[in-house]
Amino acid sequence: MTLRLGDIAPDFQQDSTAGTIHFHDWASDSWVVLFSHPKDFTPVCTTELGEVSRLKPEFDKRNVKAMGLSVDPIEDHHRWVGDIEETQGVGLNFPLLADSDRKVSNLYDMIHPNANDTLTVRSVFIIDPNKKIRLIITYPASTGRNFDEILRVIDSLQLTDGYKVATPVNWKDGDDVIIVPSLSNDDAKKIFPNGWDEKKPYLRVTKQPNK
Ligand code: BEZ
């Protein structure tokens, strides 16, 4: 199934290290980061699962739940969880789906046959509380993800959902932002009383409004 930004994230029921997951119920009114791994007992995935566990306070602060997926059976997942704790110094603190029947992988198009016809690639989906898909990134199996970047995008999405701004290249929380071009200067004056730096009529830079 091809999924695009703005689509409703497909619902599913699947086994996980935290028991059976009914996805939409589990997500409830949180944001979700759903990400897939090529295989259990692989080195890069082991480091990623440790890092996402370490970042739990950052996800919690942003009302985000993490969920991993690998196409191996639940018994393997439970054994792998022990290795993650031993080697990464942190216990897995979010569900890892056991997608051995490929139900979720197929729903979310996480198997790319010309890369590998059985293993999932490293997909990342950010899903908002309305269950809309807001980001899709696909990484190759050999490249571990940068979860600071995922948090950065969540910061941008949560900010730009609440204010008429967009975030420029390499933006980080607290940096200056851009007033959306669709907002006229007259309307912008009401929303941004401290003004902005107009580099071009379409490039108006202002302080981050919620800081
Ligand atoms: C890994 O997670 O280490 C990995 C998985 C598949 C291919 C290459 C590396």
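**A buried salt bridge and the sheet around it**

Arg-62 and Asp-155 are both buried, and in this predicted model the two residues form a salt bridge whose closest N and O atoms are 2.6 Å apart. The pair links distant parts of the chain, since Arg-62 sits in the loop between α3 (56-61) and β4 whereas Asp-155 belongs to helix α6, 93 residues apart. Asp-161 forms a salt bridge with Arg-134, with 2.8 Å between the closest N and O atoms; Asp-161 lies in helix α6 and Arg-134 in strand β7, so this pair ties together parts that are 27 residues apart in sequence. Asp-161 is partly exposed, at a relative accessible area of 45%, and Arg-134 is also partly exposed, at 23%.

The structure holds 18 salt bridges, and one of them joins the side chains of Asp-187 and Lys-190 at 3.0 Å, N to O. Both of these residues lie in helix α7 (residues 185-191), three residues apart, which is about one turn of the helix. Asp-187 has 33% relative accessibility and counts as partly exposed, while Lys-190, with 65%, counts as exposed because the cut-off for that class is over 50%. Salt bridges that share partners also join Glu-58, Lys-61, Arg-62 and Asp-155 into one network.

We now turn to the sheet. Strands of a sheet pair through backbone hydrogen bonds, in either a parallel or an antiparallel manner. Here five strands make an open sheet in the order β5-β4-β3-β6-β7, with mixed pairing. Its edge strands are β5 (96-98) and β7 (133-139), each of which pairs on one side only, and the twist from one strand to the next averages 20°. Strand β6 (residues 122-127) and β7 run antiparallel and are joined by six bridges, with Leu-135 in β7 as the bridge partner of Ile-126. Helix α4 (residues 74-88) packs on this sheet, touching β4 (64-70) and β5, and its direction makes about 150° with that of β5. Helix α6 (residues 147-162) packs on the sheet as well, touching β3 (31-37), β4, β6 and β7, and its direction makes about 150° with that of β3.

Further pairing is found later in the chain. Strand β10 (residues 197-200) and β11 run antiparallel, joined by three bridges, and the two strands form a hairpin with two residues between them; within this pairing, Lys-200 stands opposite Leu-203 in β11. Strand β9 (residues 177-179) also runs antiparallel to β11 (residues 203-206), through two bridges, and Ile-178 has Val-205 in β11 as its bridge partner.

Definitions and conventions:
Residues numbered from 1 in each chain as written. Predicted model: local features only at pLDDT ≥ 70, side-chain atom pairs only at ≥ 80, totals over all residues. Heavy atoms only, no water. Pairing = 2+ DSSP bridges. Helix = DSSP H or I, 4+ residues; strand = E, 2+ residues; numbered from the N terminus. Axes fitted to C-alpha atoms, helices over the stretch in contact; angles between N-to-C directions. Contact = heavy atoms within 4.5 Å. Salt bridge = Lys/Arg side-chain N within 4 Å of Asp/Glu carboxyl O. Buried < 20%, exposed > 50% of the residue type's maximum accessible area, 1.4 Å probe, protein only.
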